[in-house]
Amino acid sequence: MKIVVCIKQVPDTTEIKLDPVKGTLIRDGVPSIMNPDDKGALEQALLFKDKYGAEVTVITMGPPQAAAIIREAYAMGVDKGILVSDRRFGGADTLATSYTLSQALKNVEYDIILAGRQAIDGDTAQVGPQIAEQLDLPQITYVEDVQFDGNKTLTVRRNVEEGHEELEVELPCMLTFLASAYEPRYMNVRDIMTTFGKEITEWNADSFPVDPECLGLKGSPTSVKKSFTKGAKAMGKLYDDITPEEAADIILEKLKEKFII
């Protein structure tokens, strides 16, 4: 079994500040981390490696410093790492990102592609499904647990608003995971010592066939108009010692004020 995990380096959002003029993220001095949902996908891949001897490859698209999360993945136990990096990829929205990654993945052997549900710096949950569409793969999103029959079929439990769904899918396929799916393992001390001796394959826009018109800003049909932090809410009003009828009247009044009714 060959598994590819799509991972992303993101700013630690607990440290994020916004430029009040440009409305963009201030990344200078902000620590970067591996996207939490991607760690759920990575742990699933490593569990399959432990149980079935799967070969695990991670791939990330980003600037050269994104190699740091590949080193982290090596220390957790993955076998290969690919960094897709080029200034021509810069400014990509989800469509351009998924196009670039899907074209790169056509040059990688895989039975399963795993990814996080969404990245915490965008929260779109679009890149994984778009990669599946670009590669014409069956996909299951919001995954919490996976069982493998040892042949070609996965039994997948996914989280939905009403509870859970249990689905079966045959390989090859793509799954996107919630961060809560698994508790990701710690980096192994031995692998931490050897990770900087391991090779990271680096690909740019000339490393695999691409349409230049589909890359980066040029290939992005959407853009962020404005970013802003959520404003603080005013303190609510507490009503004590009122009857249910009075409470109902207050609720109706507030709903009318908001033009809800």
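I count rings of Phe, Tyr and Trp (its six-membered ring) as a pair if their centres lie within 6.5 Å; planes under 30 degrees apart are stacked, over 60 edge-to-face, and the rest tilted.

I am working on a predicted model, where local features need pLDDT of at least 70, side-chain atom pairs count only at pLDDT 80 or more, and totals for chains, interfaces and linings use all residues. Residues are numbered from 1 along each chain as its sequence is written, and side-chain values use heavy atoms, with hydrogens and water left out.

**Aromatic pairs.** I searched the whole structure and found five aromatic pairs. Phe48 and Phe148 have ring centres 6.1 Å apart and planes at 55°, so I log the pair as tilted. Phe48 sits in helix H1 (residues 36-52) and Phe148 in strand S9 (residues 139-148), so to speak distant parts of the chain, 100 residues apart. I take helices (H or I, at least four residues) and strands (E, at least two) as DSSP runs, numbered from the N terminus. Both Phe48 and Phe148 are buried, where buried means under 20% relative accessible area, exposed over 50% and partly exposed in between (1.4 Å probe, protein chains only). Ring pairs join Phe48, Tyr52 and Phe148 into a cluster.

**Second largest pocket.** I next looked up which residues lie closest to the centre of the second largest pocket. Of its 14 lining residues, these are Thr57, Lys80, Ile82, Val108 and Thr201. A pocket here, on a 1 Å grid over the protein atoms alone, is an open set of points where a 1.4 Å probe fits, with protein on both sides within 12 Å along at least five of seven lines; lining residues have an atom within 4 Å of a point. Strand S7 gives the largest share of the lining, three residues.
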